[in-house]
Amino acid sequence: MDEPFEAHVDAPAITLPGNRPIADELYDYLRHAIIRGELAEGIRVVEGDIATRANVSRTPAGQALRRLQSDGLLRASQHGLLVNELSADELSETCTVRDSLEALAARLAASTRTDLDVALLEELTERFEAAIGGDVSEIVELNHAFHDAVWDAARNSALRRFLLQTRSLIERLNSTTLSSEARQRQALDEHRAILAAIAARDADTAESVTLQHFHKATAIRILSKRVRTRTNPTVG
């Protein structure tokens, strides 16, 4: 839909660390705000407003917004830039791309991994197991860390960029599929299978088990999105 929601006029100031270029820090801030749902689907994002809240010029604000649009997190409309919305079908299509890219990363990792990569994956798997049944946010963080380590082991910067973009789009709609302890334990077994294949340098198996792992997560996401759409027809 193209009718935008207006952000609150008393939106808080944006505080940036000041350690990197302003446009980069502003991009990171807004990207995380969108993924966390602080900037909801359909909200209009105005360059001048963002610049004012961050106490910066419009130039870095515009640069940050263009990057977010390129990532698919914002889209142009007759009303200006809006936080993008994905339908259930669009979510399914995006997940299909993400699943294949994750499988490719695991295949490459099995061929290029070092002993240090394997040690890191083993440590993250142990931490994931220890966190099961506890704070879901810690589980999500460790899950990301595990897959980030696979990306690093693949040693392909272009692939990493594409994976980060698709993760941002997908998790904005449904931040995790790991809310239940049952799914956490299932994911642990799947991580172990991925780790074993990468450690054994078995590229075919690494690709296959990773694809199965993400297909299960995709099924959960799409079902959740369709349920939300049925209960609230204005969503998606």
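In this predicted model, helix α5 meets helix α8 through Val118, Leu121, Glu122, Thr125, Phe128 and Glu129 on the α5 side. On the α8 side, the contact is formed by Gln184, Ala187, Leu188, His191, Arg192, Leu195, Ile198 and Ala199. Classified by residue type, the contact of α5 with α8 comprises 8 nonpolar, 3 polar and 3 charged residues. The crossing in which α5 passes α8 is left-handed.

Helix α5 (residues 115–131) also packs against helix α6 (residues 136–154), where the two axes come within 9 Å and cross at roughly 165 degrees. This pair, α5 and α6, is therefore roughly antiparallel as well, and α5 passes α6 in a left-handed crossing. From α5, the contact with α6 draws on Asp117, Leu120, Leu121, Leu124, Thr125, Arg127, Phe128 and Ala131. The residues contributed by α6 are Glu138, Ile139, Leu142, Asn143, Ala145, Phe146, Ala149, Val150 and Ala153. By class, 12 nonpolar, 2 polar and 3 charged residues make up the contact of α5 with α6. Leu121, Thr125 and Phe128 of α5 are listed both in the contact with α6 and in the contact with α8.

A further helix pair is formed by α2 (residues 47–54) and α3 (residues 58–71), whose axes lie 8 Å apart at an angle of about 120 degrees. The orientation of α2 and α3 is therefore oblique, and their crossing is right-handed. Glu47, Gly48, Ile50 and Ala51 of α2 make this contact with Arg58, Ala61, Gly62 and Leu65 of α3. The contact of α2 with α3 divides into 4 nonpolar, 2 polar and 2 charged residues.

Interactions involving aromatic rings were also examined. The count of aromatic pairs, for which ring centres must lie within 6.5 Å, comes to 0. A charged group does, however, sit over a ring: the charged end of Arg67 is placed over the ring of Tyr27, 3.7 Å from the centre of that ring.

Technical notes. Residues are numbered from 1 along each chain as its sequence is written. This is a predicted model: local features need pLDDT of at least 70, side-chain atom pairs count only at pLDDT 80 or more; totals for chains, interfaces and linings use all residues. Side-chain values use heavy atoms; hydrogens and water are left out. Axes are lines fitted to C-alpha atoms, for helices over the stretch in contact, and angles run from 0 to 180 degrees between N-to-C directions. Helices (H or I, at least four residues) and strands (E, at least two) are DSSP runs, numbered from the N terminus. Angles under 35 degrees count as roughly parallel, over 145 as roughly antiparallel, 65 to 115 as roughly perpendicular and the rest as oblique. A crossing is left-handed if the near helix is turned anticlockwise from the far one by less than a right angle, and right-handed if clockwise. Contact means heavy atoms within 4.5 Å. Ala, Val, Leu, Ile, Met, Phe, Trp, Tyr, Cys and Pro count as nonpolar, Asp, Glu, Lys and Arg as charged, and the others, Gly among them, as polar. Rings of Phe, Tyr and Trp (its six-membered ring) pair if their centres lie within 6.5 Å; planes under 30 degrees apart count as stacked, over 60 as edge-to-face and the rest as tilted. A charge sits over a ring if NZ of Lys or CZ of Arg is within 6 Å of the ring centre and within 35 degrees of the ring normal.
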